[in-house]
Every structure is written in structure tokens, then in C-alpha cells.
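Hi everyone, thanks for making time for this. Let me put the sequence and structure up on the screen, and then we can walk through them together.

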Amino acid sequence: MQTSHGQIQQYLESILTNTVIGKQTLRNMAGKPKLYYFNGRGRMETIRWLLAAAGVEFEEQLIEVKEDLEKLRQGGELLFQQVPMVEMDGMKMVQTRAILNYIATKHNLYGKDMKQRVWIDTYCEATMDMNKSITMLPFKPADKREKAFADIIEKATTRYFPVFEKVFKDHGQNFLVGNQLSRADIQLFEAILTVEELKADILTKFPLLMAFKERISNIPTVKKFLQPGSPRKPPIDEKGIKKATEVFHLIDD
Ligand code: IBG
């Protein structure tokens with residue numbers, strides 16, 4: 001006798017309903033991760049990137065207005081009353097770095113030992129420094145924006161990109177650490193694209209980074225995320241800035 005998919009599902013659900021964890025949680029454990037954030041890059045975009053690179057599809061619950069955030073808080077969903085929050089594997093995770101560490105570990109994007117991991121962390125922190133100043137740029141008061149912009153370009157070309165260029169020159173490999181794809185590659189790739197949005201020819205003096213960008217953009221999961229219609233978010237516009245400022249307290253530091 002053949003058992004249909006529906007019958008199996010019904011049987012499993014009947015077991016799950018009787019567990020202490022509960023039906024909904026177990027469904028989420030097996031289903032797609034759910035991302036809770038506003039409809040922009042902000043602190044969530046690197047999480048989106050990492051999941052996409054790992055080939056993991058996700059759902060998003062968008063926070064559009066202050067009440068959406070309040071609702072999550074009142075429901076006790078946010079450990080520190082903040083987003084990003086990612087619901088996956090039966091957990092409601094907060095704190096961007098913790099979430100990224102989890103995803104990277106789960107999907108084998110975090111090197112093979114402690115020594116590789118410290119380099120991956122080091123490179124990722126640098127990309128996060130770059131990304132943070134770019135993300136905060138539109139939230140700066142107009143009179144400080146020009147200087148902040150110049151500072152980002154200066155740091156990218158004199159502090160960060162020369163280091164990454166040298167890494168590739170010295171080891172001659174295709175990926176930053178351990179000759180295999182890691183979160184550091186994905187996060188550097190994301191940072192390169194973001195800086196290029198500010199200055200399209202920024203990689204001119206960094207031929208190895210240009211080649212790196214080409215290589216990473218050809219990884220099928222990355223390629224897919226780069227295509228129009230993917231959950232990748234565009235740079236924030238005036239409307240987005242207004243919305244984000246209404247919902248979150250964005251300090252200009
Ligand atoms: N350390 C936390 C993390 O890394 O996750 C910080 C999280 C955080 O600051 N979250 C903000 C928040 O929830 C939203 S991202 N604020 C409400 C509160 O009460 O603190 C804010 C942000 C945006 C765009 I929007 C760019 C950069 C940050």
C-alpha cells in the first residue's frame with residue numbers, strides 16, 4: 001500500500017501537536033527562516049546576503065510603522081527590544097553578529113579551525129566597519145554628509161582595499177581564508193558592491209579585488225541574489241530614510 005504525502009504530513013502533525021514544543025515552533029524549525037526588519041538594508045542586509053549565499057530561502061516580516069515594532073516587543077519576541085530578529089531552527093535570534101555567526105557555522109562558511117576563524121572574523125569586522133559608515137551616511141545631517149562621504153572613499157582606498165588586495169597577492173588563492181568560500185568572502189563582496197555604488201571606479205587600482213568580485217559574482221547562489229526580483233534590498237531612498245527614522249531612534253555618531 002502506498003502512503004501519500006498528505007497522510008504522512010497528517011501523521012507527523014498529529015505527533016507534533018502533542019509535543020510540548022508546539023506545532024508552530026516545529027513548523028518553523030523545518031521551514032524557512034523568517035527575518036523581522038524594516039524594508040531596507042540597515043543591519044539585516046548582511047544576514048540576507050549570508051543566507052542567500054548559503055542557498056537558504058527566507059521569508060520576511062517587514063516592520064513598516066512604529067506599531068509593528070511595538071507589537072513584537074509586547075509579544076515578548078525581542079530579547080533586547082531590538083531588531084534584526086531572525087526566527088530559525090526553533091529560535092528567535094537577535095544581535096546581528098550572533099545571527100551571522102550562527103548562519104556561518106551552520107552552513108560551513110566559518111573556516112575549519114580557530115586560526116582560520118580569527119582571520120575570517122578580522123576581515124569581517126573590517127567589512128562591517130566599512131558597511132556601517134555607508135549605511136549611516138543617509139542618516140547624517142546634510143552638512144556633514146560630504147565629509148563623511150569623502151572619509152568612506154578615503155578609508156576604502158587607503159585602509160581596507162589595499163589590505164585585501166595584498167591578501168590575494170600573497171597567497172594567490174581564490175578565497176580570502178583557507179582556500180575555500182567563507183563568510184569573509186561574502187561580506188567583502190557585499191562591501192565592494194556597496195562602496196561601488198558610491199564610486200563606480202573604486203576598484204581601478206585593485207586588480208585582484210576586481211577578479212575576486214568577478215569570481216564571487218559567478219557563484220550560482222550569489223548570482224541568483226544579484227538578479228532583479230531577489231530579496232536583496234536597494235540603497236535607501238528619501239522615503240525609506242523618513243520611514244526608518246520614524247520607527248527607529250537613529251543616532252548620528
Ligand atoms: N547590537 C544590536 C545588533 O547588532 O543587532 C543593535 C540593534 C539595533 O540597533 N537595532 C535597531 C533597533 O531595534 C534597528 S536597526 N532600534 C530600536 C531601539 O530601541 O534600539 C537601526 C539601523 C537602521 C539603519 I533602521 C541603519 C543602521 C541601523
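**Around the ligand**

Let's start with Arg73: an N or O atom in the side chain of Arg73 is 2.9 Å from an oxygen atom of the ligand. That is a polar contact, meaning a pair of N or O atoms within 3.5 Å; within protein, one must be able to donate a hydrogen and the other to accept it, and residues adjacent in sequence count only if both atoms are side-chain atoms. Gln82 also brings in its side chain, with an N or O atom 3.0 Å from an oxygen atom of the ligand. Val83 uses its backbone instead: one of its backbone N or O atoms lies 2.7 Å from a nitrogen atom of the ligand.

How much of the ligand's accessible area does the protein cover? On its own the ligand has 670 Å² of accessible area, and the protein covers 81% of that. These areas come from the Shrake-Rupley method with a 1.4 Å probe, and for residues only the protein chains shown count as cover.

Before going on, a word on where this comes from: this is a predicted model, where local features need pLDDT of at least 70, side-chain atom pairs count only at pLDDT 80 or more, and totals for chains, interfaces and linings use all residues. Residues are numbered from 1 along each chain as its sequence is written, and side-chain values use heavy atoms, with hydrogens and water left out.

Back to the ligand. There are 15 residues around it, and those that come nearest are Arg73, Gln82, Val83, Gln95 and Thr96. Near here means that one of a residue's heavy atoms lies within 4 Å of the molecule or strand. By class, that shell has eight nonpolar, five polar and two charged residues. For the classes, Ala, Val, Leu, Ile, Met, Phe, Trp, Tyr, Cys and Pro count as nonpolar, Asp, Glu, Lys and Arg as charged, and the others, Gly among them, as polar.

**Backbone details**

Stay with Val83 for a moment, please. The peptide bond from Val83 to Pro84 is cis, with omega near 5°. Pro84 belongs to the loop between helix H4 (66-74) and strand E3 (85-88). Helices (H or I, at least four residues) and strands (E, at least two) are DSSP runs, numbered from the N terminus.

Which residue pairs up with Pro84 across 46 positions of the chain? That is Phe38, with the two C-alpha atoms separated by 8.7 Å. Phe38 is in the loop between strand E1 (34-37) and helix H3 (45-53). It counts as buried because its relative accessibility is 9%; buried means under 20% relative accessible area, exposed over 50%, and partly exposed in between (1.4 Å probe, protein chains only).

Gln95 is in the loop between strand E4 (91-94) and helix H5 (96-106), and it is partly exposed, with a relative accessible area of 42%. Asn179 also has a positive phi, about 55°, although it is not a glycine. You'll find Asn179 in the loop between helix H7 (142-171) and helix H8 (183-198), partly exposed at 46% relative accessibility.

Is Ile47 buried or exposed? This residue of helix H3 is buried, with a relative accessible area of 0%. Its C-alpha atom is 9.6 Å from that of Gln187, 140 residues apart along the chain. Glu45, in helix H3, is buried too, at 2%. Glu45 and Glu190 are 145 residues apart in sequence, yet 9.0 Å apart in space, C-alpha to C-alpha.

That's my tour, so please jump in with questions!
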